[in-house]
Amino acid sequence: MYVDAGLRAFPLGDEAIIDVDSFSLRGRSMRPVRQAVTRINRAGYTAEVRRHGDLNPDELAEIERLATEWRGNETERGFSMALNRLGDPADGRCVLITARDREGVIRGFLSFVPWGVRGVSLDLMRRDRSAENGLNEYLVAKLIELGGDLGIRRVSLNFAVFRNVFSTADQVGAGPVTKLTDAALSFASRFYQLETLYRSNDKYRPTWVPRMLCYDPALTVARAGLAMGIAEGFVRPVGPRFLIGPRPGESQPVRTEEGFNETVREQERDLLIPEPDAVQLSEQQRVRRGKLELLREAGFEGYPVSVPRTHRVAELVAAHRGMAPDTTTDVAVSVSGRIRAWRNLGGVTFAVLDDEGSRIQVMVTVEGTPRQARELWRRTVDLGDLVSVTGVVATSRNGELSVLMHSWRMASKCLSPMPVMHTRLSQDLRARNRSLDLLLDPNSLAMLQRRFIGVRAMRDVFTDKGFVEVETPMLQAIHGGAAARPFKTHINAYNMGLYLRIAPELYLKRLAVGGMQRIFELNRNFRNEGADATHNPEFTSLEAYEAYGDYDTMRELMREVVLRTAVAVNGRPVALRPNASGGVDEVDLDRPWPVVTVHEAVSKAVGQTVTSASLLADLAQICAAHGVGAPAGAGPGKLVMELYEALVEKETTFPTFYKDFPVEVSPLARPNRNDPKLAEQWDLVAFGAEMGTAYSELIDPIDQRERLTRQSMAAAAGDPEAMEVDEAFLGALELGMPPTGGLGFGVDRLIMMLLGTNIKATLAFPFVRPSVHGDDD
């Protein structure tokens, strides 16, 4: 921007900036700072962080006295430190951290000026020369530790001129020009502390942010550098006063103008709490807000705490079905709902009130409705408003069941235009504005309700069989339990990285070791992978473990879960599948489900026998013949899985259990009791997708450690989906885990399969790509 404005830019150096949230004293590179902090702590020092405005006059005077005393006769630096004053009432937001020794005597302090809203920049460093070494390191570390209470998130330390030269010269292979420049600057540092500033800040491992010197092209680099040196305090101005101007004072007097400090504080408040951007309203939104004001002027709330409601609309419809046309009863009721349609016929106004999908008509007439209520209704009510209507039950001349309004109250004013009934939204808008989709499309609402009914049925299956529902951590220090790419996050309290869990398996097994023999968890998992019609980064799964069970007992349990869930959501044990005509076909699930080994299924798909003893070269030829990619370095089991996923899984329609997977792709399953090259694992596949999986769990801690170690080596080699070694899990397993059957399946995917729809339709709020213009909901 400055260059575009016609200035020249010269790289001057770098500013050391510490990010408070990521700063840590751990690690080899932070050892010097850590040792200094430990030394000061052992000496009994304590630190305190406060704003200048929180200090009383005596405390400020003491700090100013110590600053002058400890400075001595040294020349003060210039503009790299922000101020040339201390204790000015206008600087109330400046931050002071003091270090007191065991006797409570101040032995050093740092003062910082505000830097934006969440940052501070070093202004003044002072220490008693007789204090212990490492006091400055202690003060910086304590500021980062304690400054969070003041909202500090960034700390700017010193500015290091020509920092890049010193840094490059430290590297192996630095060129002769760099070394020569480094030597020259090191010599200059004897007088101007160039290298000392860099070294004293680099120990904190800050982020070095380049800073540029921008100057008028009319100046030469030398003249610009001289001006900078004078401002910095490196060069004293020499010459008569009429040529060089007055010399600035070493301290700035307190401003005494009336209202000055109040103006400064007001500007700071504006900085800290900026005015929000003006909301851009459409014409219809402005009109609706105007009606809200009319309602308030009439003495009524647009968003009251409660409104009259004696009956639900569904109750009235059931109780008064079959009433003759043009009938008025003496049954007084109050009903509430959303206005979905509106007709004004002059003397009579009709509105359709929707309450949880049940609808009733509201009649506003000259004879039956008081004038004030009628006029306020006409002037302030719009489509989409939530209202409470009080009146008597009646029917119109056409026999429409109605409430003849006597009075009404606004329950919640709708400020955005509401489309008329039966409007069809685009798929993108339905996903982005889920609330509007549910209001306009009864099928969307019914789909969600069926999902919740299905989830309850799943819980009922396990509860009826004596399983206990448990909860395990969502935030995990080690990602495990599945091969998937995790989401990463950070915990400030311990300054360490964490993962959102990809599976609860390892924690559930630790509970099983602890004696919980039948447990299940129905909860969220997170995987940083694709988002499409069958995958959502955040999804719901159910995992269950039964002591003294195996993958055969889990197979019967899985079938029961699917059938009972199907009955709950569809009324009978069927799955709905979309057909070419736009309707759905029913697939009867209450038939035997095939159980086929993986190698039998692959053999049938490729037309030749494949077994656990098949050679790698033969499997590679089969993959090539069927156009299936063979990953580099893959073993025989991995190639069998590639064939299975490409030729078997995607071609399976009716629910089928495929069992006995290659052991190298099942790190948590027990080896097959008849063939150690296979694992006792099955996958339930239906309509081209995996529905669930189960194991005879691996409970041998030695075997488990070897498998997880191999996985961790893959992770170290760059595989983002490979599991890490979880020592807490392995330690629990060494206590002894009973023979156990484990089951896991995706709740979202099972509901999708039964209802014949995509994943977005079954989720209350599916993840969607952010809109270019922001969120629409």
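**Figure 1. Pairing of strands β10 and β12 in the predicted model.** In this predicted model, Q361 has S402 of β12 as its bridge partner. The two strands concerned are β10, which covers residues 358-365, and β12, which covers residues 401-412. They run parallel and are joined by 3 bridges. In general, the strands of a sheet pair through backbone hydrogen bonds, in either a parallel or an antiparallel sense.

**Figure 2. A closed barrel of 5 strands.** The order of strands around the barrel is β8-β9-β10-β12-β11, and the pairing is mixed. On average, neighbouring strands of this sheet are turned by 50° against each other, direction ignored. Helix α12, formed by residues 371-380, packs on the sheet. The helix touches β8 (328-344), β9 (348-355), β10, β11 (386-395) and β12. The direction of α12 makes about 65° with that of β12.

**Figure 3. A cluster of tryptophan rings.** Ring pairs link three residues, W342, W377 and W408, into a cluster.

**Figure 4. Strand β22 and its two pairing partners.** Strand β21, residues 595-597, pairs with β22 in the parallel sense over 3 bridges. Within this pairing, V596 has Y658 of β22 as its bridge partner. Strand β23, residues 678-686, is joined to β22 by 6 bridges, and these two strands run antiparallel. Here P662 stands opposite L678 in β23. Strand β22 is mostly covered, since 6 of its 7 residues are buried. In a regular strand, side chains alternate between the two faces of the sheet.

**Figure 5. Aromatic pairs of the structure.** A search of the whole structure finds 9 aromatic pairs. Y644 counts as buried because its relative accessibility is 0%, under the limit of 20%. F661 has a relative accessible area of 1% and is therefore buried as well.

**Figure 6. Arginine side chains over tryptophan rings.** The charged end of R154 sits over the ring of W115, at 3.9 Å from the ring centre.

Figure 7. The chain has 777 residues, of which 43% count as buried. Its secondary structure comes to 24 helices and 25 strands. Among the contacts in the chain with a separation of 6 or more, 68% are between residues 24 or more positions apart. The chain exposes about 40,800 Å², and carbon and sulfur atoms supply 53% of this area.

Note on methods
Residues numbered from 1 in each chain as written. Predicted model: local features only at pLDDT ≥ 70, side-chain atom pairs only at ≥ 80, totals over all residues. Heavy atoms only, no water. Helix = DSSP H or I, 4+ residues; strand = E, 2+ residues; numbered from the N terminus. Buried < 20%, exposed > 50% of the residue type's maximum accessible area, 1.4 Å probe, protein only. Contact = heavy atoms within 4.5 Å. Areas by Shrake-Rupley, 256 points an atom, 1.4 Å probe, with all protein chains shown as cover. Phe/Tyr/Trp six-rings, centres within 6.5 Å; stacked < 30°, edge-to-face > 60°. Lys NZ or Arg CZ within 6 Å of the ring centre and 35° of its normal. Pairing = 2+ DSSP bridges. Axes fitted to C-alpha atoms, helices over the stretch in contact; angles between N-to-C directions.
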